[in-house]
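Subject: A structure for you to look at

Hi there,

Here is the structure I promised to send you. Have a look at it first, and then read on for what turned up.

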Amino acid sequence: MPGTASKPDSSYFWDKLHSLSGIIPIGAFLAEHFWSNSYVLVSPERYNSTAAGLEQIPWRIPVEFLFIWLPIVFHGCYGLDIWWRGKANVLGHPWMSNWMYVLQRWTGIVLFAYIIWHVWIERFATHGRSTFAGVAHDFANPYYTAFYVIGVLAASFHLGNGLFNFCCKWGIAVTPRAQRAAGFFGAFVGVIFSVAGLLIVAGFVYNWHPFSGYL
Amino acid sequence: MMADKTFILRIKRQAAPQERVVWEEFEIRYRPHLNIITCLRDIAEKPITRAGDGTTPISYDANCLEEICGACAMLINGYPRQACSALVDNLEKPIRLEPLTKFPLIRDLQVDRSIMFENLKRMKCWVPIDGTYAIGPGPRMSPEQQQIGYPMARCITCGNCLEICPKVNDHTQFVGAAIINQVRLFNMHPTGNMHARERLEAMMGPGGIQDCDNAMNCVKVCPKSIPLTESNNEINRQVLKHAVWDWLNFSEGPTERDEEWKRLGIQK
């Protein structure tokens, strides 16, 4: 009824949780994931020992469940709901921020499929044991490599633009100047993750270890 | 007699919401500085299509004719804007006119934009001052505050920002940037601020601030150049502060506190 207090429903809470979960823990996990995988750029042995180290953390399953699986499932499923509640109109109105909105939606959909596949082949099909040889074997398939490249770029964009959205949605960047600064920050993060991710893919595909000089 | 220069106007028409959509073309005699409203008046004067068929005058809303009432918002070449300030000289021909799509259609280019008024009421975008006795003058507003508030106060509730927003559609109850901007304006007004809490509560409710997903189209179509994204993010900040504070204090607002005080026998 107009004029009376509209009782808060829970959508505000879930929307905020969706926004937060994208940064912590999912964004933080992505940073850790890219960092750990970067060991492939040192040497296959370093990659294997890093993977083994992660596989031997205490409380592995509860930690994976609480900090990786549950947040990603929530973020992904709630994201699908947000996708459903939006009607993109970028074709008639191709402004940059409108493109960002649409790309955020589509990268989300791509990532939903990609993460299911990625977790299946690298986490469950391997029984939770990742080795350089195993991953390099997957990358021998050009379709796998192509999907990896798409996944890396989509995840990097989604995180970078998501950081910008987070700054807006949490009232951190209010004025247009602050919004622009947040935009540059997001773009910076997105580019860094894209470059790092592509180099990691190259490390597996070409057996390329540019940091091996450290050994 | 020298032939007049003309141009074509294509108009999406519908006699009623359930009627068939018809596109009609009109040939309008060109004059310098024509605007869309003048074209529609030309048609009303002589409602004959380009093919020479007689038709009815176009139904549309218009009032001030100087872009301060918001009534004549429509899609002009697919872009939501005010017909009165859309000059034919600056538009690509043939010019395409369609009604706004996010509001219930009445007829032709006329839509029912009253949902925005209902939402302004729902979000408590007013200053309640009526009572049984005079309560005297309110607090003063500093010139700085006036300067920040004025651009927000320019809103003419035309609905362009809702029309262009991907999150205003049948799947959401999103109130849109215009209403969020008014919440910010009234919250910064010294008298309005006394009810800031109620507005922030409403902003957390259905169709509230959380539905904004940052496509940021609103600010691009605002005819009054209101910093709408700034208002959105400012309200995001206010609502978040309010929500976290309440959550940390298990508080449900003044009503609960009143009851608690009554229970403890405390006179207010």
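Predicted model: local features only at pLDDT ≥ 70, side-chain atom pairs only at ≥ 80, totals over all residues.

Helix α5 of chain B covers residues 177-188, and helix α6 of chain B covers residues 196-203. Their axes come within 9 Å and cross at roughly 160 degrees. Angles over 145 degrees count as roughly antiparallel, so that is the word for how α5(B) lies relative to α6(B). You can find the contact by picking out B:V183, B:F186 and B:N187 on the α5(B) side, which meet B:A196, B:R199 and B:M203 on the α6(B) side. Sorted by type, the residues of this contact are four nonpolar, one polar and one charged.

**Chain A as a whole**

Now turn to chain A, which has seven helices and zero strands. Its C-alpha trace spans about 70 × 35 × 30 Å along the principal axes. Of the 215 residues in chain A, 29% are buried. If you take the contacts in chain A with a separation of 6 or more, 77% of them are between residues 24 or more positions apart.

**A helix pair in chain A**

Two packed helices are described by the angle between their axes and the distance between the axes. For helix α1 (residues 11-37) and helix α3 (residues 60-84) of chain A, the angle is about 135 degrees and the axes are 9 Å apart. These two helices are therefore oblique to each other, and their crossing is left-handed. On the α1(A) side, the residues that meet α3(A) include A:W14, A:H18 and A:F29. Among their partners in α3(A) are A:F67, A:H75 and A:Y78. The residues of this contact divide into 10 nonpolar, five polar and no charged.

Is A:H18 buried or exposed? A:H18 has 20 other C-beta atoms within 10 Å, so it is buried. Leaving aside neighbours within four places in sequence, A:H18 is in contact with A:H75, A:Y78 and A:G79. A:H18 and A:H75 are 57 residues apart along the chain, yet their C-alpha atoms are separated by 5.5 Å.

Enjoy exploring!

Best wishes

Key
Residues numbered from 1 in each chain as written. Chains lettered and ligands numbered in written order. Axes fitted to C-alpha atoms, helices over the stretch in contact; angles between N-to-C directions. Helix = DSSP H or I, 4+ residues; strand = E, 2+ residues; numbered from the N terminus. Parallel < 35°, antiparallel > 145°, perpendicular 65-115°, else oblique. Left-handed = near helix turned anticlockwise from the far one by under 90°. Contact = placed C-beta atoms within 7 Å. Nonpolar A, V, L, I, M, F, W, Y, C, P; charged D, E, K, R; others polar. Buried ≥ 20, exposed ≤ 12 C-beta atoms within 10 Å, placed from the backbone.
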